[in-house]
Amino acid sequence: MRGIGLLIFFTTLLLCRAAGQQPYALNLQQLTDLPTKHVYCIYQDHKGFIWLATEEGLFSYDGFTYTNYKAEIQTTVVGSNIQEDKYGRIWYQNFDGFLYYVDGDKLRFLPQNPPPDFITFGLTDTHLFVVQKKGVDSYDLRSLHLTKTIAIPIERAEHATVLNQEFYLISDNTMFRIDEQLQLSSSHFFADKKLHVKYIYPYKNTLYVASKRNETKQLYFFDNRLNYIKSVPIPGPVHIQGSDVVDNKIWLHTPQGVFVVDTNDEKKTEVVLFPENSSSKVIKDYQDNYWFASLNNGVQIVPNLVDHMYHVQPFLPSTFSLTSKGFLMGTEKGELIEADQQFNHRKLIYSNKEQLPIYYLYHDQKDPNIIISDNGFSIINRHNRTTKHFDIAVKELVPLDKKYYAIAASGFFGLLLNPNAHDDMPSIWDRLFYLHRDPRSPSIAALKKGIRAKSVCYQAEQQRVFFATNIGTFAVQPQDEKEIMHMGEPFYAKSIVKLDNLILLLDSKGNLHQLKSDHKIENLNGRLKIPAGTISKIKSTGKELLILGSTCIFAFNGLDVEQFKLPLNSSHIRDFWIGDQTLTLLTDSHLLKISNQPKPPKKQAIFRIERFFANGIPKDWKTPLTLRHQENTVTITFSILEFINKNVEVYYRINRKEWILINTQARSLAFPSLAAGSYLLEFKIHDQLAEQQIRFEVKLPFWKKWWFYLSVCLLAAGIVFLYFRRQSNLMKQQIKLLNEKVTLEKKLGKSMLASIKSQMNPHFFYNALNTIQAYIFTNDKQRANNYLSKFSKLTRIILEMSEKETVSLQEEIVAIQLYLELEKMRFSTNFSYEILLENDMDTPAIEFPPMLLQPYIENALKHGLLHKKGDKTLLISFRKKDDLMYVSIADNGIGRQRSKALNALKNKSHKSFATEANMKRLEILNKERARKITVTITDNYDTAAEYNCGTKVELVIPI
């Protein structure tokens with residue numbers, strides 16, 4: 001105790017004095033992955049995009065992603081002076097003095113004369129002014145062609161600007177003015193001022209000049225013709241890096257922050273913002289957020305200048321409680337700090353040796369006790385500087401009267417005797433306390449042990465104490481204890497508070513409930529319009545219930561709900577409180593005081609369509625667009641220009657159907673394989689319809705158009721017509737072929753009969769019978785018998801072959817041999833014949849039409865050999881190649897010409913019936929064959945005797 005008393009004694013001394021209040025700011029590098037902390041310039045274009053000139057080059061930022069721009073020719077990427085011309089091109093200047101501009105998606109270099117140094121360029125509606133070593137070059141803004149050089153002797157150019165379409169330059173202590181007609185005028189006001197580098201800026205319809213070193217502690221004002229107007233004192237900054245005009249105030253950038261000068265109140269002391277920043281630029285965006293760029297700390301975004309932020313470093317805050325003069329703050333290192341309202345003066349009044357965090361802090365204005373939970377449970381009396389410590393992990397407590405506290409602790413819930421109370425002080429809770437009093441800890445009475453209590457609340461009107469534990473919720477009265485049930489089941493609450501006579505419970509799932517009776521609990525999220533499962537903490541001020549949601553704090557007075565939008569995610573909030581005019585938030589590193597008075601609403605986020613792709617190919621979507629049927633995979637990229645709220649709800653709909661929510665982290669939409677048709681794509685942010693929309697049409701493929709269907713129908717009808725016509729023709733043709741076949745069969749039968757007739761003609765029979773008769777008359781019975789036997793056998797064979805379509809070569813040869821034997825018997829002994837076959841010929845397997853060779857053999861005998869004198873020979877040969885049979889019938893007779901002459905003498909009307917019948921038969925057979933039977937007749941001619949010496953017949957028969 002002595003050590004703690006000494007600690008409190010020493011800590012009554014003033015510990016430190018922190019910097020004054022600062023506007024609440026969000027660091028862009030913490031919100032997004034800002035590529036660098038070194039930012040030289042910041043600018044917002046007319047579309048709403050933020051542009052940053054940094055150590056890593058030029059970037060555009062849409063609130064979601066950064067796009068870096070680099071040119072092919074770039075002496076250095078570091079630069080500043082971002083501006084936009086009337087054609088929407090973004091310009092910036094690198095620190096070598098060269099100019100670059102963004103055209104589409106490219107950063108392009110402006111060819112220019114060598115610059116003297118890094119001197120600001122100027123943009124008007126018609127001209128681009130660029131300072132070079134010999135003067136000022138004027139370019140036509142549309143074409144970017146150099147139009148004129150205004151000669152100015154420049155030894156040391158300092159700064160330049162534009163006001164009302166006129167260009168102003170400070171060089172060598174002289175101010176120059178170039179008007180719209182490119183006429184030059186000047187002023188030597190600073191010739192005797194002996195100021196270092198000077199900056200010139202526009203202010204309303206005037207100009208002001210600031211000196212870099214601020215030697216005279218003044219700003220100098222001039223009219224547009226460079227006539228001196230007045231000077232305004234600025235005692236603050238000792239080094240000026242630049243200046244801007246925002247809210248009709250002059251903002252001076254220094255290594256120690258930004259100084260704000262109100263020229264309407266010259267006696268007003270300058271306000272210094274962000275003294276830890278080496279300030280470079282400030283702008284105000286379309287949503288009235290302030291952007292502060294710095295050379296050492298990136299970019300801070302300030303939603304407004306009304307809400308204030310106090311640094312609490314080097315402490316790590318965990319909880320706080322308001323006092324009449326300021327507040328008490330517990331830290332993660334076990335420190336209890338007392339501070340004034342601006343956190344300028346801080347005093348340490350308690351610290352634990354173990355440096356364990358203070359996770360619970362209770363303080364009542366009417367009670368001298370400060371109660372904290374850290375490495376146990378301590379009660380600090382502010383009047384006598386004494387501290388009473390308990391080895392109990394108290395989660396929450398509430399005073400019941402002047403004698404007792406109700407406590408919720410790890411291991412039990414119960415009553416705690418106030419150290420300042422007397423034992424003889426009467427209380428309705430005495431019986432319960434003494435009944436459960438712990439002999440080892442006389443100040444504590446454990447009403448229920450072996451549980452983990454989380455929260456406690458006292459309803460004085462009903463004299464009931466409510467405890468939230470890990471096994472359920474309990475209500476305790478001086479004479480009674482009962483469990484609060486919900487639909488017959490235990491109810492698990494993590495926090496219980498009282499609002500007037502209402503008991504409100506927060507469950508472990510983040511939902512708020514009201515205790516209606518001991519057996520009925522009502523969910524309030526729906527009635528209060530708070531999303532389910534989003535409440536992390538509740539506190540009661542006595543008049544209002546404070547509800548910490550994911551993005552808002554709700555104040556509920558029992559009837560109505562008021563909503564306060566949070567400037568940061570609730571996960572960063574350690575503790576909070578709402579006063580009459582201020583919402584106080586404690587974060588890991590700051591104390592925020594946010595005015596809860598009505599503020600002008602922020603403008604809606606800007607939705608902007610960036611690009612439209614069809615099958616990955618960019619298209620111009622700004623006019624209604626027609627796509628081919630195969631270009632039906634559409635992708636749209638877009639930007640949501642909102643730089644603080646990262647949960648902007650954006651919806652889209654197609655052809656005015658239902659709205660569909662887009663993922664807050666998405667910046668593109670894809671529609672694969674769209675059906676043919678017309679599409680209208682619309683967007684809205686929250687409930688406001690976006691101006692931009694896309695109309696496009698995916699054309700039908702030609703095979704789905706009406707004319708194609710008509711053509712197909714006509715073609716199909718034509719095909720059907722042609723098919724049935726062809727089928728009809730085929731049927732007619734088949735009928736015709738059938739008829740022809742029948743006719744052919746009839747003709748073939750007749751031909752075969754004719755062939756038989758030709759072979760068995762009366763002449764043959766007459767000759768054969770005469771031969772037999774001669775043998776009989778000569779009593780040559782043996783020869784007569786042989787001849788008659790062969791004749792009958794040949795007759796039988798011919799009759800059998802006449803009924804077959806094909807016969808084997810072997811059968812044909814047998815018939816030929818019988819026929820020749822019979823004919824030989826009629827001739828004299830000088831007739832001979834020979835039948836030749838290839839050695840490997842399989843005669844039984846080879847088939848061809850029957851009785852095909854006999855007519856040619858008969859002609860050879862009757863017309864060629866019969867009239868020949870001397871030896872008569874007949875040679876018949878058979879040769880097979882592939883699937884063709886080659887047959888040769890050769891005689892050494894008188895030839896066709898002499899035979900024809902003899903026949904003409906004998907019978908002028910002679911007609912070779914056998915030959916004609918066989919040719920007709922060949923014609924009939926060839927009509928049914930793909931490969932034809934061919935016959936070639938050749939006359940052999942003896943050149944020495946000059947007469948024909950025989951005939952050769954060659955047949956080629958497919959087998």
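**Exercise 1.** State which residues are linked with R156 in a network of salt bridges.

*Solution.* A salt bridge is a side-chain nitrogen of Lys or Arg within 4 Å of a carboxyl oxygen of Asp or Glu. R156, E158 and K198 are linked in a network of such bridges. The structure holds 28 salt bridges.

This is a predicted model, in which local features need pLDDT of at least 70 and side-chain atom pairs count only at pLDDT 80 or more, while totals for chains, interfaces and linings use all residues. Residues are numbered from 1 along each chain as its sequence is written, and side-chain values use heavy atoms, with hydrogens and water left out.

**Exercise 2.** Describe the salt bridge of E166 and R177, and decide whether each residue is buried or exposed.

*Solution.* Step 1: the side chains of E166 and R177 meet at 2.8 Å, N to O. Step 2: E166 lies in strand β17 (residues 166-171) and R177 in strand β18 (residues 174-178), 11 residues apart. Strands (E, at least two residues) are DSSP runs, numbered from the N terminus. Step 3: buried means under 20% relative accessible area, exposed over 50%, and partly exposed in between (1.4 Å probe, protein chains only). E166 has 9% relative accessibility, so E166 counts as buried. R177 has 10%, so R177 is buried.

**Exercise 3.** Apply the cut-offs to E631 and R628, which form a salt bridge.

*Solution.* Step 1: the closest N and O atoms of this pair are 3.6 Å apart. Step 2: E631 is buried because its relative accessible area is 6%. Step 3: R628 is partly exposed because its relative accessible area is 47%.

Notes
Helix = DSSP H or I, 4+ residues; strand = E, 2+ residues; numbered from the N terminus.
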